[in-house]
Amino acid sequence: MRDDVFPDGLLLSPVRALAWADAPGVDGLTVASLGDLFDTEPKPEFLLLGTGAALRQPPRAFVRAVEALGIGVETMDSRAAARAWGVLRAEERQIVAALLPL
């Protein structure tokens, strides 16, 4: 087992984990800042958004833009999002995650 550390953030899909080196702050989130995270088949059901050490609501414009793609947004602190990722992927749910650093 590897214990990789991603100090700048992490983007997860069912097929890969990527360091999110240019992760913006919560207030700077855009669909473009997630790169190609949503380009998976089948399309993700929703985005788990980890907002760092504490829960912070992302900009409404960001949430609306993601929802316009047919993808829901679930926001929580990054630790909770990482735990939820494990549970939901064990259920084989088609999700993606963007985890901001603590």
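**Pocket, helix and cores**

Guide: This is a predicted model, and in it helix H2 (residues 78–90) gives the most to the lining of the largest pocket, with three residues.

Visitor: Which residues line the largest pocket?

Guide: The lining is made up of Asp4, Val5, Phe6, Gly9, Leu10, Ser78, Arg79, Ala82, Leu99, Leu100, Pro101 and Leu102. Sorted by class, eight of the lining residues are nonpolar, two are polar and two are charged.

Visitor: And how much space lies in it?

Guide: The largest pocket holds about 210 Å³ of space.

Visitor: Switching to H1, which of its residues are buried?

Guide: In helix H1 (residues 60–68), the buried residues are Phe62, Val63 and Val66. Looking down the axis of H1, these buried residues fall within an arc of 95°, so they line one face of the helix.

Visitor: Why would residues three or four places apart point the same way?

Guide: An α-helix has 3.6 residues a turn, and therefore residues at that spacing point the same way.

Visitor: What do the buried residues of H1 pack against, and which residues are exposed on the other side?

Guide: The buried residues of H1 pack against strand S3 (46–50) and strand S4 (72–76), while Arg60 and Ala68 are exposed on the other side of the helix. Just after H1, Gly70 takes a positive phi of about 85°.

Visitor: How many residues are in the largest nonpolar core?

Guide: That core has 17 residues, and the ones with the most contacts inside it are Trp20, Leu34, Phe38, Leu47, Phe62 and Ala98. At least two residues of this core come from each of S3, H1 and strand S5 (95–99), and H1 gives the most, with three residues.

Visitor: What does Leu47 touch?

Guide: Leaving out residues up to four places away in sequence, Leu47 touches Leu34, Leu37, Phe38, Phe62, Ile71, Gly72, Val73, Glu74, Val96, Ala97 and Ala98. There is also a second, separate core of 13 residues, which includes Leu10, Met76, Ile95 and Leu99. Of these, Leu10 and Leu99 are also among the residues lining the largest pocket.

Visitor: One last thing, where is Thr30 found?

Guide: Thr30 is in the loop between strand S2 (16–19) and S3, and with a relative accessible area of 37% Thr30 is partly exposed. Although Thr30 and Ala65 are 35 residues apart in sequence, they are 8.0 Å apart in space, C-alpha to C-alpha.

Conventions. Residues are numbered from 1 along each chain as its sequence is written. This is a predicted model: local features need pLDDT of at least 70, side-chain atom pairs count only at pLDDT 80 or more; totals for chains, interfaces and linings use all residues. Side-chain values use heavy atoms; hydrogens and water are left out. Buried means under 20% relative accessible area, exposed over 50%, partly exposed in between (1.4 Å probe, protein chains only). Helices (H or I, at least four residues) and strands (E, at least two) are DSSP runs, numbered from the N terminus. The arc is that of the directions from the helix axis to the C-beta atoms. Contact means heavy atoms within 4.5 Å. On a 1 Å grid over the protein atoms alone, a cavity is a set of points where a 1.4 Å probe fits but cannot get out, and a pocket is an open set with protein on both sides within 12 Å along at least five of seven lines; lining residues have an atom within 4 Å of a point. Grid points are joined across faces, edges and corners, and a volume is the space filled by probe spheres set on the points. Ala, Val, Leu, Ile, Met, Phe, Trp, Tyr, Cys and Pro count as nonpolar, Asp, Glu, Lys and Arg as charged, and the others, Gly among them, as polar. A nonpolar core is a set of buried Ala, Val, Leu, Ile, Met, Phe, Trp, Tyr and Cys residues joined through side-chain atoms within 4.5 Å.
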